[in-house]
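Keep the sequence and the 3D view side by side as you read.

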Amino acid sequence: MKTSILLVGRGDLVSFIQGILCAEGYQVEKMEWTDLNRISELTLTNLNMIILMNEGCHEDTLKNGLESFVHIGVTSPLLVITPKISPELIVELLDYGANDVMEAPIHGNVMMARIRNLLRVFSHASQEDEEVIVVHDLKVNLRSRRVSRAGEYLVLTPKEYELLEFLARHVNEACPRSVILREVWGYDFAMDTNVVDVYIKHLRVKVDKGRSVKLIHTVRGIGYMLHTQ
């Protein structure tokens, strides 16, 4: 079976990349940004990769697209190709779920090398058993770093994920702020900071808000705990 790649976008860049992929023997499917509102209806399970391009559209469209694919639980690698990209935007796109980001105009050979690398990495990961921590209806996949609650995928920043993973690995344990600072942020000395409290607040919005069962709890005078009441 041919490796299948979905191209999201429109314009000359999409046509250019489609030509390269077809010449390399890949099966290519295309979708325009206007189709994102029906993304949940599309069959994405047989896709090996998704490439998103924002030629002629706003960068927020890219972020919304990444968020949509992550939300429905896509496990294929997500590659973003965009012109005139800044370091700040690269960081944002990676935080939104992109696995790699390239700036256009692109060199065909470089693009193909990065595509092969992503396919190789994800192929190896899919062949290994998944490691998942389950707390009530929360699932934390340690290999893919995907998090879901009651089947709904949550979009977390890298540091939010690391904090949640730490709490999940120590479920039903009271985790002191000082230990969280050391293990998640790498601070091995006492310091006056509320960074843990700030990130816990962010996690509560994404994990617990609007749900009858709260999973993130404050342990007065100590720190925080992940557990069900």
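Helix α5, residues 158-169, lies across β6, β7 and β8. Its direction makes an angle of about 110 degrees with β7. This is a predicted model. Helix α5 also lies across β10 and β12, running at about 70 degrees to β12.

How many strands form the open sheet that has the order β6-β7-β8-β9? There are 4 strands, and the pairing is antiparallel. Strand β6 (132-135) and strand β9 (152-154) stand at the edges. Each has a single partner strand, so one side of each is left without a neighbour in the sheet. From one strand to the next, the twist averages 25 degrees. In general, strands of a sheet pair through backbone hydrogen bonds, in a parallel or an antiparallel way.

Start with the pair β6 and β7. They run antiparallel and are joined by 4 bridges. Residue I133 stands opposite V140 in β7. The two strands form a hairpin with 2 residues between them. In that turn, H136 has a positive phi of about 60 degrees.

Now move on to β7 and β8. Strand β7 covers residues 138-141 and strand β8 covers residues 147-149. They run antiparallel, and 3 bridges join them. Residue K139 faces S148 in β8. Residue V140 stands opposite V147 in β8. The hairpin of β7 and β8 has 5 residues between the strands. There, R145 takes a positive phi near 60 degrees.

**The sheet of β10 to β12**

Another open sheet has 3 strands, in the order β10-β12-β11. Its pairing is antiparallel. Which strands stand at the edges, each with a single partner strand? They are β10 (175-176) and β11 (216-219), so one side of each is left without a neighbour in the sheet. Strand β12, residues 223-226, pairs with β10 over 2 bridges. Within that pairing, C175 has Y224 of β12 as its bridge partner.

Helix α7 lies across β11 and β12. It runs at about 150 degrees to β11.

The segment after β12 holds H227. Is H227 buried or exposed? Its relative accessible area is 19%, so it counts as buried, the cut-off being under 20%. Leaving aside neighbours within four places in sequence, H227 is in contact with V171, N172, K214, L215 and H217.

**Two helices in contact**

Helix α6 (residues 177-185) packs against helix α7 (residues 195-207). Their axes are 10 Å apart, and the angle is about 80 degrees. The two helices are therefore roughly perpendicular to each other. Helix α6 contributes R177, I180, L181 and W185 to the contact. Helix α7 contributes V195, V196, D197 and Y199. Of these contact residues, 6 are nonpolar and 2 are charged, with no polar ones.

**A residue in α4**

Residue M112 lies in helix α4, which covers residues 108-127. Which residues does M112 touch, not counting residues up to four places away in sequence? The answer is I20, L21, E24 and Y26. One of these, L21, is 91 residues from M112 in sequence. In space, their C-alpha atoms are 8.1 Å apart. With a relative accessible area of 3%, M112 is buried.

**Cysteines and accessibility**

A disulfide is a covalent bond between the sulfur atoms of two cysteines. How many disulfides does a search of the whole structure find? The search finds 0. Among the cysteines, C22 is partly exposed, whereas C175 is buried. The table sets them beside the other residues whose accessibility was discussed.

| Residue | Relative accessible area | Class |
|---|---|---|
| C22 | 42% | partly exposed |
| H227 | 19% | buried |
| C175 | 4% | buried |
| M112 | 3% | buried |

To finish, go back to C175 in the 3D view. This buried residue is the bridge partner of Y224 in β12.

Key
Residues are numbered from 1 along each chain as its sequence is written. This is a predicted model: local features need pLDDT of at least 70, side-chain atom pairs count only at pLDDT 80 or more; totals for chains, interfaces and linings use all residues. Side-chain values use heavy atoms; hydrogens and water are left out. Axes are lines fitted to C-alpha atoms, for helices over the stretch in contact, and angles run from 0 to 180 degrees between N-to-C directions. Angles under 35 degrees count as roughly parallel, over 145 as roughly antiparallel, 65 to 115 as roughly perpendicular and the rest as oblique. Contact means heavy atoms within 4.5 Å. Ala, Val, Leu, Ile, Met, Phe, Trp, Tyr, Cys and Pro count as nonpolar, Asp, Glu, Lys and Arg as charged, and the others, Gly among them, as polar. Two strands pair if DSSP finds at least two bridges between them. A disulfide is a pair of cysteine sulfur atoms within 2.5 Å. Buried means under 20% relative accessible area, exposed over 50%, partly exposed in between (1.4 Å probe, protein chains only).
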